[in-house]
Amino acid sequence: MALPHRSRRARTRHPRHLTRTAAALAAALALLSPLGAVGAAGVASAASAAAQDTPAADAEVRVNTQAALGRLSDTARGVNAAVWDAHMNDPEVASLMKAAGVGAMRYPGGSYADIYHWETHTAPGGYVAPGTGFDAFMGTARATGAQPILIANYGSGTPEEAAGWVRYANITKGYGAKLWEIGNEIYGNGHYGSGWEHDDHADKSPQEYARQVRAYAAAMKAVDPTVKIGAVLTAPGNWPDGVVGQGDPGDWNHTVLSEVTDVIDFVSVHWYAGGSDTTADAALDRLTRLPGELREVRNQLDRYAGADSPRIGIALTEVNTNTGGAQLTARPNGLFAADAFMTALENGVFNVDWWNTHNGADRITTVDGETDYGDMGMLSSGGCTGTVCEPAPNTPFHPYYGMRMTSELGTAGDTMVAAASSARDVSAHAVQRRDGRLSVLLVNKNPDAARSVDLTYAGFTPSGAAPQVRRYARGDSGITDVTGSGASASRVTVPPYGMLTVTLAPQPGTGASAAGTPGTPRLEAVTDTTARLSWAGASGATRYLVQERDGAHTWLVGESTGTSVTLRNLPAGSAHTVNVLASDASGRISAPSDPLTFTTGTPADAACAVTYHRDTGWGNGFVATVTVRNLSPTPITGWTVDWDWPTEGQSVSSGWNATFGQTGRHVRVTAPDGAGPLAADGASTVSFGFVGANDGPNPDPTVFRLNGAVCSGS
């Protein structure tokens, strides 16, 4: 995020026919009744009566505790703090953030980082509020129990200045500050035509940024080898992703990562829902793009870091709905905050930081019967827009309670597990706690109607005790304990525009395994049809189960008495997400390992070869060229080339040198009329190109087929 108060570029129900009660009654009657019309009619009549007694739920949420999405880190929930914020270090800030489980605080504030000099506490060209110096900030961070995320000045600073800050923070003061970013949104320095980020370097290219990251890392780690260095990336599918500057070998991310993966420890990306519709309701829909964008960040790290990729973390150091539109303090943005924090954490980031702690009033509107102050902060700054003033400083806005609801799910070390909802307007997130309890967060995005939700479980058996229930909804002044209000382990009702956390104890005697949790699987080798995995063993394990996950559904794909396995008969160019579980001598299953996602390759001895090259891009569109060779001993006349896009929102807009068609994600390209044969043994090639569009991330296709045969590719 850049300067405060500044606008930026735009960047059904499925009810079951019979309820669980009705279905059980029907089954019991079927056993007692003779076959025939009378018996069938009796069963149907009884089932119908039971269904009337227990109406079908609006949604079903399936939770699978054997499908781990990763563990909550101690820095999972974070907020930004800015030196222009006079209330940044108010005592109330620390107490509020501690109550919300905040484990990270980012300083000195977005784009201000690239004009801020820590030693003099100055930001030439900007405003620095009294009492916001580094030591004062660290006082707030320590009172919160949070780790600092510090942004070294890249725009007007030097590696030596950054090293001096590390020395002061960790040697002189003993703060133990580990996480250090090199600059803020440096890709916004004007290199691609649009500029908001200060950068004094004569060379503003991604190559120069990569060179400087190496210099900063060397200088800072020479002072304290334990610090973690973060490089700035752009979120895939967001400008300037895909844009290649003059003289650059690739776009920002690919150019930077090709040079720095050996010296960095994490990457920093920012994500604002954006769009032409700036409402938070629309932002909740656009949140569905975030998992694909984060997967593409990991894919890029895999490409350039190889086997070292798992060492490099991903931090989402700024997130909000938009950058200046309405509905920023309103209730729907609170729903967005809860959903965004958990969605990002479930998709491989170790830290999410809301923009901002305080930000200031902007456009005044009315949303859901309340005044929306157009403020991107979690807490009120007490400012005014015209005659309309915010409440007293540090009054929490709805996004604060959205973040705080996620802290009801669990703490550092607890395991996020898969939860899938059948309804578009109800989202679900779940955490298996280290003490065996299971917590589920339900978010009802419907402003007009409550939603009844049936809860089902895999790998977990709830006890008969009433669940502990916390609520944040209309009429609540804060997070409210509503335990005993009618919610059960199998069904709850979520108020309109409301959130519930449901925490369940396990049935005694279930889930307790003598085996520990296996280590995260590693990909040792992969071909077009096989993958060899290994993992760190678990105490008390007699065998290991490898299971694949799709959403909240899992199935066994391999098992071993050792700590490695080879998966076979996998489709070429296919993506797989797997966990490892340990079984003890009694057959009881441990908690699942953290997940691994990998993609199989294409056959080295294929009868065809395809090269896919993205020529240029502009964030939500691109131009690509595809080149095809026939490696078989027989010429091919009348060829077709097929591929599937990896994500929704990718499409072919127009093309040349071929005929294009697309159905869903599937693309089929056919030879133009009058095209000659494709010569045997690679003696000739055919090339075609197209203009594509992407609403979200834009990963390359993983497998191409020539007349149905899988090709090798690059």
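The backbone nitrogen of Asp-448 lies 2.7 Å from a polar atom of the Asn-446 side chain, and the backbone nitrogen of Ala-449 is reached by the side chain of Asn-446 at 3.0 Å. A polar contact here is a pair of N or O atoms within 3.5 Å; within protein, one must be able to donate a hydrogen and the other to accept it, and residues adjacent in sequence count only if both atoms are side-chain atoms. The model is predicted, with local features needing pLDDT of at least 70 and side-chain atom pairs counting only at pLDDT 80 or more, while totals for chains, interfaces and linings use all residues. Residues are numbered from 1 along each chain as its sequence is written, and side-chain values use heavy atoms, with hydrogens and water left out.

Asn-446 belongs to the loop between strand S16 (438-444) and strand S17 (451-458); helices (H or I, at least four residues) and strands (E, at least two) are DSSP runs, numbered from the N terminus. Asn-446 is buried, because its relative accessible area is 14% (buried means under 20%, exposed over 50%, partly exposed in between, with a 1.4 Å probe and protein chains only). Not counting residues up to four places away in sequence, Asn-446 touches Asp-425, Arg-451, Pro-496 and Tyr-497, where contact means heavy atoms within 4.5 Å.

Strand S16 is largely enclosed by the rest of the structure, since 7 of its 7 residues are buried. Leu-438, Val-440, Leu-442 and Asn-444 are buried on one side of S16, and Ser-439, Leu-441 and Val-443 on the other. S16 runs antiparallel to strand S15 (residues 426-432), to which 7 bridges join it; two strands pair if DSSP finds at least two bridges between them. His-429 has Leu-441 in S16 as its bridge partner. The hairpin of S15 and S16 has 5 residues between the strands, and Gly-436 in it takes a positive phi near 100°. S16 also pairs with strand S21 (residues 499-504), in the antiparallel sense over 6 bridges, and Leu-442 stands opposite Leu-500 in S21.

An open sheet is formed by 4 strands in the order S25-S24-S27-S28, with antiparallel pairing. Strand S25 (553-560) and strand S28 (596-599) stand at the edges with a single partner strand each, so one side of each is left without a neighbour in the sheet. Within the sheet, strand S24 and strand S27 (residues 575-583) run antiparallel and are joined by 6 bridges. Arg-543 stands opposite Ser-583 in S27. Tyr-544 is found in S24 (residues 543-550) and counts as buried because its relative accessibility is 5%. A polar atom of the Tyr-544 side chain lies 2.9 Å from the backbone nitrogen of Ala-538.

Ala-531 lies in strand S23 (residues 531-534) and counts as buried, because its relative accessibility is 0%. Residues touched by Ala-531, not counting those up to four places away in sequence, include Leu-523, Val-565, Leu-570 and Phe-598.

Tyr-544 and Ala-210 are 42 Å apart in space, C-alpha to C-alpha, and 334 residues apart in sequence. In the contact of helix H6 with helix H7, residues of H6 include Ala-210, Tyr-209 and Val-213, and those of H7 include Trp-252 and Val-256. By class, this contact of H6 with H7 has 7 nonpolar, 2 polar and 2 charged residues (Ala, Val, Leu, Ile, Met, Phe, Trp, Tyr, Cys and Pro count as nonpolar, Asp, Glu, Lys and Arg as charged, and the others, Gly among them, as polar).
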